[in-house]
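Visitor: I have a model on the screen and a few questions about it. Can you walk me through it?

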Amino acid sequence: MKCDKCKRETEKAFLVSEGSVCPDCCEEIVKRGNSLVEELANEPLDQAPEEMDVAAFHRWTLKLAVQTLQALSPTLRARMLKRNPVMLYPYDLACHLNGLILDCMSRDEFKSRKTGQRKGQFWFGKRVKFASVKRAAFEARVITDLRKTH
Ligand SMILES: [Zn+2]
């Protein structure tokens, strides 16, 4: 089969958000993901474009996920490891947070094919104000929870 990224023939393929990729491309994607996580860990949570497109929204919820995980107490981390270990991965936690935040946003601010906690694909008709994303995050208690874990 062919790698979706470099288009070279590959025997082994890994399923990532970009499609099925060869081991080399997979490694590169994981590295890139890790350096983004590192970058976000040191960035103020309040830093984001005033008007967000979907990419900016994803970047911010990933930052929220990264910093939430950083702030987890050992007790809470152990509890999560038992109950919901997948939530200890920043990208999975971010996906979960997306759903919680979107649930607290008004229905005309975004469009999605599915409802419920995992929104699946969603998109914005027009850019969404960072202020209203923050308000939704407070309502969803994902920001308060961040403070409580300290
Ligand atoms: Zn490749």
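Guide: The questions go from the whole chain to single residues.

Visitor: What secondary structure does the chain have, and in what pattern?
Guide: This is a predicted model. Its chain holds 6 helices and 6 strands. Read along the sequence, they follow β-β-α-β-α-α-α-β-β-β-α-α.

Visitor: Which domains are assigned, and what distance separates their centres?
Guide: The assignment gives domain 1 (1-42) and domain 2 (51-148). Taken over C-alpha atoms, the distance between their centres is 23 Å.

Visitor: How much of the chain is buried?
Guide: The C-alpha atoms fill a box of roughly 50 × 40 × 30 Å along the principal axes. The chain has 150 residues, and the share that counts as buried is 19%.

Visitor: What span should helix 1 have, and what does the model give?
Guide: Helix 1 covers residues 23-41, which is 19 residues.

Visitor: Where around helix 1 do the buried residues sit?
Guide: The buried residues are Cys25, Cys26 and Leu40. They cover an arc of only 100° around the axis, so they lie on the same side of helix 1.

Visitor: What do those buried residues pack against, and which exposed residues face away?
Guide: Turned away from the buried side are the exposed residues Glu27, Lys31, Asn34, Ser35, Glu38 and Glu39. The buried residues pack against strand 1 (14-16), strand 2 (19-21) and helix 2 (54-71).

Visitor: Which elements build the largest nonpolar core?
Guide: That core has 18 residues, and Ala65, Ala94, Leu97, Ile101 and Val133 have the most contacts inside it. Two or more residues each come from helix 2, helix 4 (90-103) and helix 5 (130-139).

Visitor: Which residues belong to another core?
Guide: Another core lies apart from the largest one. It has 5 residues, among them Cys3, Val21, Cys22 and Cys25.

Visitor: What does Ile101 contact beyond its sequence neighbours?
Guide: Ile101 is one of the residues with the most contacts inside the largest core. Leaving aside neighbours within four places, its contacts are Thr61, Val133, Ala136, Ala137, Ala140 and Val142.

Key
Residues numbered from 1 in each chain as written. Predicted model: local features only at pLDDT ≥ 70, side-chain atom pairs only at ≥ 80, totals over all residues. Domains from an automatic or database assignment. Helix = DSSP H or I, 4+ residues; strand = E, 2+ residues; numbered from the N terminus. Expected span 1.5 Å × (residues − 1). Buried ≥ 20, exposed ≤ 12 C-beta atoms within 10 Å, placed from the backbone. Arc of directions from axis to C-beta. Contact = placed C-beta atoms within 7 Å. Core = buried A, V, L, I, M, F, W, Y, C linked by C-beta atoms within 7 Å.
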